[in-house]
Amino acid sequence: MGRSFGDKDLILPNGGTPVGTSSPASSSSLLNRLQLDDDIDGETRDLFVTVDDPKKHVCTMETYITYRITTKSTRVEFDLPEYSVRRRYQDFDWLRNKLEESQPTHLIPPLPEKFVVKGVVDRFSEEFVETRRKALDKFLKRITDHPVLSFNEHFNVFLTAKDLNAYKKQGMALLTRVGESVKHVTGGYKLRTRPLEFAAIGEYLDMFALKLGTIDRIAQRIIKEEIEYLVELREYGPVYSTWSALEGELAEPLEGVSGCIGNCSTALEELTDDMTEDFLPVLREYILYSDSMKSVLKKRDQVQAEYEAKLEAVALRKEDRPKVPADVEKCQDRMECFNADLKADMERWQNNKRQDFRQLLMGMADKNIQYYEKCLTAWESIIPLLQEKQEAK
């Protein structure tokens, strides 16, 4: 209980291009040259789940989107080798709640946030639906890759039941004994001292969420400014084109500048879309992930507080050698179970985070290189036009 959590698990990696490495001849080769060294999927997988084919449903009372969930597995828990069902967001939310209830000692992956600001984001737009589909697909893959959550009965039903609503109405509350215990722990206990390793985890999560929140806010401001700059560029380019109609010798160079600005606008739009669709969602997922981890850590503390309170009650008895009651031993078992599961999930989360952020940062570097290469090519194309005019004189 007194061991500290390993520094390598608490520090964001600074992996990147080795010192002295020259820039790639082409930006497209960047990702090929930088290899990830954290392949965490070395095990033989026997469960594959994908989320695709979003469809809009317009009913009298509501309008909503459903997604096709395709499952392929060789596990004996599945009667068929392949399933295909349709689920809406609230079904994913139901699954996550059931996992939290039945697996309280484990870290449950976060869902993308349900609500959007009305008038700012159209939740039925193609871009929003695709971003959500990717997030839901990642949510299920996180569960699929987990050695415990992937065998949860609620997860099995979610993937296979044709009529999930009928299953919900049956009220199959399959809470584990640990879940029941955690659910009924009162708030009257106060934890004396959190073990050092879990205190380190709590401090790291607070700092991690703070840093990511700051990056998220700044990134959103940058994207907003890029969109405003894009609007100006789209007005700026055509001015040169209309001006060229009034000129003789300058007509061709002016048209060249107009086309150049148009190409730069297209490149900037692609960069902004990549930031919005690929960069920001990962930041938001890991901010929510840290909240989920804090929730599990809090439940662990509740169990420890309950255990400490029971021990104190036993110590206050006047017997010379008080026998440890069975409920105290069970509480100790629950605490040890929580400790083991939380540490295992934290290590898994760190591995996922390291891999996800390296891919994210390399992708961001690659996209920015592509953007500046396109702008450079566009502006270099004008130089021969200007040189020809100068030589003609």
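How many residues does the hairpin use to join β1 to β2? Four residues make that link.

## The model and its layout

This is a predicted model, so read it with these cut-offs in mind: local features need pLDDT of at least 70, side-chain atom pairs count only at pLDDT 80 or more, and totals for chains, interfaces and linings use all residues. Residues are numbered from 1 along each chain as its sequence is written, and side-chain values use heavy atoms, with hydrogens and water left out.

The chain has 11 helices and three strands, where helices (H or I, at least four residues) and strands (E, at least two) are DSSP runs numbered from the N terminus. Going along the sequence, the pattern is α-α-β-β-β-α-α-α-α-α-α-α-α-α.

Strand β1 covers residues 47–58 and pairs with β2 in the antiparallel sense over 10 bridges; strands count as paired if DSSP finds at least two bridges between them. In this pairing, K55 sits opposite T66 in β2.

On to β3 (residues 82–88): β2 pairs with this strand too, again in the antiparallel sense, over seven bridges. Here T71 stands opposite Y83 in β3. Strand β2 (residues 63–73) is largely enclosed by the rest of the structure, because eight of its 11 residues are buried. Buried means under 20% relative accessible area (1.4 Å probe, protein chains only).

Nonpolar side chains tend to be buried together in soluble globular proteins. A nonpolar core here is a set of buried Ala, Val, Leu, Ile, Met, Phe, Trp, Tyr and Cys residues joined through side-chain atoms within 4.5 Å. The largest one has 32 residues, and those with the most contacts inside it are F208, L212, F279, Y286, M293, W349 and F357. Helices α8 (196–244), α9 (251–315) and α10 (326–380) each supply at least two residues of this core, with the largest share, 14 residues, coming from α9.

Leaving aside residues up to four places away in sequence, F279 touches I215, A219, D274, L360 and M364; contact means heavy atoms within 4.5 Å. There is also a second, separate core of 29 residues, which includes L111, L149, V157 and Y167.

## Whole-chain numbers

Of the chain's 393 residues, 41% count as buried. Look at contacts between residues at least 6 apart in sequence, and 75% of them join residues at least 24 apart.

The accessible surface comes to about 23,200 Å², and carbon and sulfur atoms account for 53% of it. These areas come from the Shrake-Rupley method with a 1.4 Å probe.

Key:
Buried means under 20% relative accessible area, exposed over 50%, partly exposed in between (1.4 Å probe, protein chains only).
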